[in-house]
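Me: I would like to go through this model with you, starting with the core and then the strands and loops. Could you take my questions in turn?

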Amino acid sequence: MTVPLVLMLALSGCTTPSPGFPAAARQDVTVDGMRFAVYPRGTEAQVIRLDHLRRADRGRMPDLMMRAAAQATGCRPIDNSLTPQGGPHSAVALVDLRC
């Protein structure tokens, strides 16, 4: 296997949804210049930030993730339902939705 192929396979795993979202269809959205992959499932969605997070953007990330979920699903995110997976500045979060 060549190095570029190995690198491509390694990077493709970065946006794989959690085991609870295996059949969810990926929706790619951009909110204020930040790219996200959103995996909707019923009344929730998993949001994965695709871009590097600068320190200056940390404070606005919860709002951007909520907006990404809304844009991708057409549903309204429930206030204060964003749950980062793996720490407060994680690239992955779950959002509860009202559809």
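This is a predicted model: local features need pLDDT of at least 70, side-chain atom pairs count only at pLDDT 80 or more; totals for chains, interfaces and linings use all residues.

Me: How many residues are in the largest nonpolar core?

Reply: That core has 20 residues, and those with the most contacts inside it are F36, V38, V47, M61, M65, A68 and V95. A nonpolar core here is a set of buried Ala, Val, Leu, Ile, Met, Phe, Trp, Tyr and Cys residues joined through side-chain atoms within 4.5 Å. Buried means under 20% relative accessible area, exposed over 50%, and partly exposed in between, with a 1.4 Å probe and protein chains only.

Me: Which elements supply at least two residues of this core each?

Reply: They are β1 (27–31), β2 (34–41), β3 (44–49), α2 (61–73) and β6 (92–98). The largest share, seven residues, comes from α2. Helices (H or I, at least four residues) and strands (E, at least two) are DSSP runs, numbered from the N terminus.

Me: What lies apart from it?

Reply: Another core, of five residues, lies apart from the largest one; F21, A24, A37 and Y39 are among its members.

Me: Back to α2. Which of its residues are buried, and what do they pack against?

Reply: The buried residues of α2 are M61, L64, M65, M66, A68, A69 and A72. They pack against β1, β2, β3, β4 and β6. In general, an α-helix has 3.6 residues a turn, so residues three or four places apart point the same way.

Me: What span does α2 have?

Reply: With 13 residues, α2 reaches 18 Å from its first C-alpha to its last, close to the 18 Å expected at 1.5 Å a residue. The expected span is 1.5 Å times one less than the number of residues. Just after α2, G74 takes a positive phi of about 80°.

Me: Now the strands. In which sense do β1 and β2 pair, and over how many bridges?

Reply: They pair in the antiparallel sense over five bridges; two strands pair if DSSP finds at least two bridges between them. Q27 stands opposite V38 in β2. The hairpin of β1 and β2 has two residues between the strands, and D32 takes a positive phi near 50° there.

Me: How many bridges join β2 to β3?

Reply: Six bridges join these strands, which run antiparallel. The bridge partner of F36 in β3 is R49.

Me: A change of topic: are N80 and S81 buried or exposed?

Reply: N80 counts as exposed because its relative accessibility is 79%, whereas S81 is buried, with a relative accessible area of 9%. N80 is found in the loop between β4 (76–77) and β5 (83–84), and S81 has its place in that loop too.

Me: What is S81 in contact with, leaving aside its neighbours within four places in sequence?

Reply: S81 is in contact with M66, L94, V95 and D96, where contact means heavy atoms within 4.5 Å.

Notes: Residues are numbered from 1 along each chain as its sequence is written. Side-chain values use heavy atoms; hydrogens and water are left out.
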